[in-house]
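This briefing goes with the sequence and model displayed below.

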Amino acid sequence: MKPFFAIISLLCICNIYAQKKVDSTQEFKINSQEYLEMRGANVMLAHDFYPESHQGGVGIIQNGLRVATNGDLRLEPTPGQWQPVPKVGERKVDLGKQEISVHMEYPDPSINGVGFNPIFYPDLNMSYTLKVIPQGKSFKIVVDLDKPIPQEWVDKVGMNIEFFPGILFGKSYYMDNDFGIFNRQANGPGFKDSDNEFQLTPMAEGKVLVIAPETTSQTLTIKNLKDNNLQLIDGRAKHSNGWFVVRSLVPAGATKNAIEWLVTPKVENNYTYSPVVQVSQVGYHTNQPKVATIETDKNDIDVKNIKLLKVSTEGGFTEVISETPKEWGDFLRYKYYQFDFSKITEPGLYIVEYGNYKTNPFQISDNVFKRNVWQPTLEYFLPVQMCHMRVNDRYKVWHGRCHLDDARMAPINTNHFDGYLQGPETLTKYKSGEHVPGINVGGWHDAGDYDLRVESQASTVQGLSQIYELFNVDYDNTSIDQETKTVEILQPDGKPDMLQQIEHGALSIVGGYKSMGRFYRGIIVPHKRQYTLLGDPVNHSDNEVYSHEMKTSTVDTVGIEMGKPGIGDDRWVFTEQNPNRELNAAAGLAAAARVLKGFNDALAKDCLEIAKEIWEITKPRNQIAKTNLAVELLKTTKDEKYAQFLVENTDAIADRFEQNGWVVGPIIPLIKNENFKVKITAAAKTYFEKVKELGKKTPYGMPYEPNIWGAGWGIQNFGVQQYFLHTSFPEIFPNIYMLNAMNFVLGVHPGVNTSSFASGVGSRSLTQAYGVNRGEFSFIPGGIGSGTALIRPDFPELLEWPFLWQQTEYVLGGGTTDYIFLILAADQLLNK
């Protein structure tokens, strides 16, 4: 019997050891990525650097969701955009102490060279060290001040951390023995503080806050270890894009351990990220490669069979394929597998099933891209973005005839809060404050802030012109009347919508040039109260030209009453000296001149004359900057002088093939110089080797390297470039990289949210997006969101929330035309 008991004892010891090994993953430790990790929870410190949009400071990921961010000292109870944020020092990791820290400071605005715009910073010089320290299943947030805060800032400086509202609505909280519910809207009462600023009365105050105690996967406790209280505040009361804020004030005279919180996020036992299958939410052409990507937890070793199921016409499913997916490897924080079902060409509706996960239905069909894919962008999104028009949509009016008082010349020496700069001169015959005629027509609102940037207008015009030429798009489902400034969505008028949109963009660019003798840099509202408008832009101004002398040169006027007669609410027009931007704007006009001929001959003539004039008068620092314009003018005029320019710059173009190869590729047949063709083709072969390597970096067959904004727009543009490279050098570049880019936008991208970035397109798409609609928690059909962002260092995120511009913002330019282009290009190539 002794051997039996020995075996039992050994098994018990092994079981105890195994249990301890499992338990060790249930405590916070510092990992190789320099953040605190416990199975089911992560705590980042200063990995992200965009607190203005809820990415920065201390951040918490709990059971696969980012629940909190922006843990840091702030000067307001509920900060918003354009408010002071600390300068972030180097993150330091002490493995011995198991401590991560970063030194921060609010710099004195009188000190030059700190990298901050002093107009946003008060007269406060404060420095401190922010630390996160693991404590078993909890962690501490500690703040050590270098010296006590000045007396005048006592009761104004506090430790904040923000909690994402989208997953808290309807959930409960306890603050000590008080309790409440997280409301969907911000509710009063409020009060005016000592600076006469509105503040919302805290939802609760106390020592210990428990968030969502009824939902185990979201339960999180914050205990204030100091004498002062925690406050729970609704940040949406002051800022529509605010989050719920937990705050405690820094005590007077405090330095070391001025703030000390103990935070305990409850995690699921042995938490494992549930597998996600990423497919195109639209579907696949029968001739198209079809690869589903399976995203799994690195701890998940239970590899299941994956199935392709066809949706039966009588209901239910028929199994088509069942096999083990192929392992791709690790990327970001996940392990990836791939399921290739390219051999399936039978038309129909399908889903992919992996364990308990089922995708939404998608199509396999030769006609998959023929309808309901690119059309919403042309028939909804672009009309909604049209400035200076009333946009009707059946029973709805998207917006009235806005900005008919455009525009006043911006004041000189002005740094606008949205980044526009006006130098010491207006560069035109108009003085600051004077009305500039000719620009209250045409153009599209670039994004949710309603501005008109010349590069967005021009790139949209150029992109639409290329689309019209290449794919013969005579689609008509919208009425556009420039005389009455009226748009009717879903009402054909017998004219190609694409040409009407090109005309609309060209009217704005040409109107500005003819009036000022140069391109505008941008047209934007002068006041923050206007800029943050959620709703109809007709309310930006009274639509009456302000003709009085400008009385102020300040960028922001407090208390402006938008739309009140006789006030200076007209938008400002900015100018600049920027040869590269001028050349690219002219390239858009040169392209428009080709397609507008026969549709609006007078406008086409203006476009071409301006483009040719810019060619002659604009002197860039580097001649290679003229390549785009040279190509468009060569295609439009067939004038040999533009071909000669390209030939003379053969070596420079070849050296910068990655930037220019896709631009010059299509006009190689128009170049008679053999040396040009040989050198450009050699450069194409070299660049393709790089593209192949880039394609191996991710399971998506191309690079995914977002900065702050999601990488969707850049990936779309990469796909468009690949189309031109494939059609120009078919023996070198395959079409697969273009198709991969399209699939990424349509749902094959990292993260649990596999939505199509194109709202209203596919079986699942972005239905809360950052556009002119964002205040309604809704979407504009055909708008293309910025896409899945990266929460540093390794967490892909696409939240259902309309106020995160770096994830769901709609914009013009490549964000719009590149999408239409990709879909039509895929349809063309796959149906050959």
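**Overall form**

In the protein chain, 68% of the contacts with a separation of 6 or more join residues 24 or more positions apart; contact means heavy atoms within 4.5 Å. The model is predicted, so local features need pLDDT of at least 70 and side-chain atom pairs count only at pLDDT 80 or more, while totals for chains, interfaces and linings use all residues. Residues are numbered from 1 along each chain as its sequence is written, and side-chain values use heavy atoms, with hydrogens and water left out.

- The protein chain has 16 helices and 42 strands; these are DSSP runs numbered from the N terminus, with helices being H or I of at least four residues and strands E of at least two.
- Along its principal axes, the C-alpha trace of the protein chain spans about 95 × 70 × 55 Å.
- Of the 832 residues in the protein chain, 58% are buried. Buried means under 20% relative accessible area, exposed over 50%, and partly exposed in between (1.4 Å probe, protein chains only).
- The protein chain exposes about 33700 Å², and carbon and sulfur atoms supply 50% of it. Accessible areas come from the Shrake-Rupley method with a 1.4 Å probe; for residues, only the protein chains shown count as cover.

**Nonpolar cores**

- The largest nonpolar core has 166 residues, and those with the most contacts inside it are Phe341, Ile502, Phe519, Leu629, Leu646, Phe733 and Tyr819. Such a core is a set of buried Ala, Val, Leu, Ile, Met, Phe, Trp, Tyr and Cys residues joined through side-chain atoms within 4.5 Å.
- A second, separate core of 63 residues includes Val43, Leu75, Met126 and Leu209.

**Cysteines**

- A search of the whole structure finds zero disulfides, a disulfide being a pair of cysteine sulfur atoms within 2.5 Å.
- Cys387 is in no disulfide, and its nearest cysteine sulfur, that of Cys402, is 4.0 Å away. Cys387 is buried at a relative accessible area of 0%.
- Cys607 is also buried, at 0% relative accessibility. Its sulfur is 18 Å from the closest cysteine sulfur, in Cys387, which is too far for a bond.

- Glu632 lies in helix α8 (residues 627-637) and is buried, at 1% relative accessibility.
- The side chain of Glu632 makes a polar contact with the side chain of Gln466 (3.3 Å). A polar contact is a pair of N or O atoms within 3.5 Å; within protein, one must be able to donate a hydrogen and the other to accept it, and residues adjacent in sequence count only if both atoms are side-chain atoms.
- Leaving aside neighbours within four places in sequence, the contacts of Glu632 include Gln462, Ala587 and Arg594.
- In helix α9 (residues 640-648), the buried residues are Tyr642, Ala643, Phe645, Leu646 and Val647. Their cover includes α7 (601-617), α8, α10 (650-655) and α12 (674-695).
- At the start of α9, a side-chain oxygen of Asp639 reaches to within 2.9 Å of the backbone nitrogen of Lys641.

**Loops and backbone geometry**

- The peptide bond from Gly188 to Pro189 is cis, with omega near 10°; Pro189 lies in the loop between β12 (178-181) and β13 (190-192).
- The peptide bond from Arg792 to Pro793 is cis, with omega near 5°; Pro793 is in the loop between β41 (789-791) and β42 (795-797).
- Trp82, in the loop between β5 (65-74) and β6 (87-94), has a positive phi near 65° and is buried, at 16% relative accessible area.
- Asn413 has a positive phi of about 55° although it is not a glycine, and is exposed at 57% relative accessible area.
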